[in-house]
Amino acid sequence: LKSAVEADPKSREGWDDLGLAYQGAMQYDLAASAFQKQIEINPRHQDAYNNLGLAYHAQGKYDEAIKSYSKQIEIVRLHKYAHANLGNTYVEQHRYDEAVPELEKAVSLVPDDAYKQTQLGTAYLGSGQDAKAMAAFSKAVEISDKPGIWNSIAYELSLKKVHLDVARRYAESAVTSTETALRNVSLGQ
């Protein structure tokens with residue numbers, strides 16, 4: 001990809017692809033530089049600001065990540081990843097009231113994503129909206145019966161010390177499901 005952008009420095013997608021490759025290799029400074037170059041070439045690129053936000057986020061540069069995700073949303077109002085990424089960044093910073101509208105938008109754009117539903121539940125929980133949190137968590141479990149989802153919900157509920165009976169059920173379900181899957185693997189099923 002480096003050769004491709006050297007051969008065509010104004011490549012329509014080259015810098016974004018190079019940035020994604022650097023990101024995959026966890027070379028976030030180089031990824032950010034590539035995404036910035038993509039933005040110089042095409043300031044209205046459909047994903048470059050979102051990708052730049054991910055590179056900043058990985059480096060713990062949350063303010064820069066928030067600016068990048070917000071800029072991506074200016075360019076593509078219904079960007080299905082930028083809203084979720086912005087909301088997740090707010091959740092990580094415990095800025096739950098700001099996270100809620102972004103994650104609500106993300107869930108409306110991709111309603112069958114259990115992870116986004118779980119993050120929305122976490123944001124609701126953090127902002128004191130327990131009933132909405134439990135509804136989002138229930139929706140996440142309807143979408144996916146994977147142990148990781150159950151475990152995430154159990155963790156968030158126990159962290160906030162609310163609905164501990166539900167947290168315990170989800171944790172036990174996650175453990176039981178994992179044990180069953182491991183037993184099936186060891187038996188060759």
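This is a predicted model: local features need pLDDT of at least 70, side-chain atom pairs count only at pLDDT 80 or more; totals for chains, interfaces and linings use all residues.
I take buried to mean under 20% relative accessible area, exposed over 50%, and partly exposed in between, with a 1.4 Å probe and protein chains only.

Residues are numbered from 1 along each chain as its sequence is written, and side-chain values use heavy atoms, with hydrogens and water left out.

**H8 in detail**

I listed the buried residues of H8, and they include Lys116, Gln117 and Gln119 as well as Leu120, Ala123 and Leu125. I then looked up what covers them, and found helix H6 (82-92), helix H7 (96-109), helix H9 (130-143) and H10 among the covering elements, a contact being heavy atoms within 4.5 Å.

I checked the length of helix H8 (residues 114-126): at 1.5 Å a residue its 13 residues should span 18 Å, and the end C-alpha atoms are 18 Å apart, which agrees. The expected span is 1.5 Å times one less than the number of residues.

At the start of H8, I found a side-chain oxygen of Asp113 that reaches to within 2.9 Å of the backbone nitrogen of Tyr115. Just after H8, Gly128 takes a positive phi of about 80 degrees.

I repeated the length check on H7, whose 14 residues should span 20 Å at 1.5 Å a residue, and its end C-alpha atoms are 20 Å apart, which agrees. In H7 I noted Tyr96, Ala99, Val100, Glu102, Leu103, Ala106 and Val107 as buried, and their cover includes helix H5 (62-75), H6, H8 and H10.

In helix H6 I picked out Thr89, which is buried with a relative accessible area of 0%. Leaving aside residues up to four places away in sequence, I found that Thr89 touches His57, Tyr62, Ile66 and Tyr69.

**Positive phi outside glycine**

I looked at Met26, which has a phi near 60 degrees, a positive value in a residue other than glycine. Met26 lies in the loop between helix H2 (14-24) and helix H3 (28-41), and it is exposed, with a relative accessible area of 61%.

Lys161 sits in the loop between helix H10 (147-160) and helix H11 (164-186), and it is exposed at a relative accessible area of 68%.

**The chain as a whole**

I recorded 11 helices and zero strands for the protein chain. Its C-alpha trace spans about 60 × 45 × 25 Å along the principal axes, and buried residues make up 42% of its 189 residues. Of the contacts with a separation of 6 or more, I noted that 44% join residues 24 or more positions apart.

Definitions and conventions:
Helices (H or I, at least four residues) and strands (E, at least two) are DSSP runs, numbered from the N terminus. A polar contact is a pair of N or O atoms within 3.5 Å; within protein, one must be able to donate a hydrogen and the other to accept it, and residues adjacent in sequence count only if both atoms are side-chain atoms.
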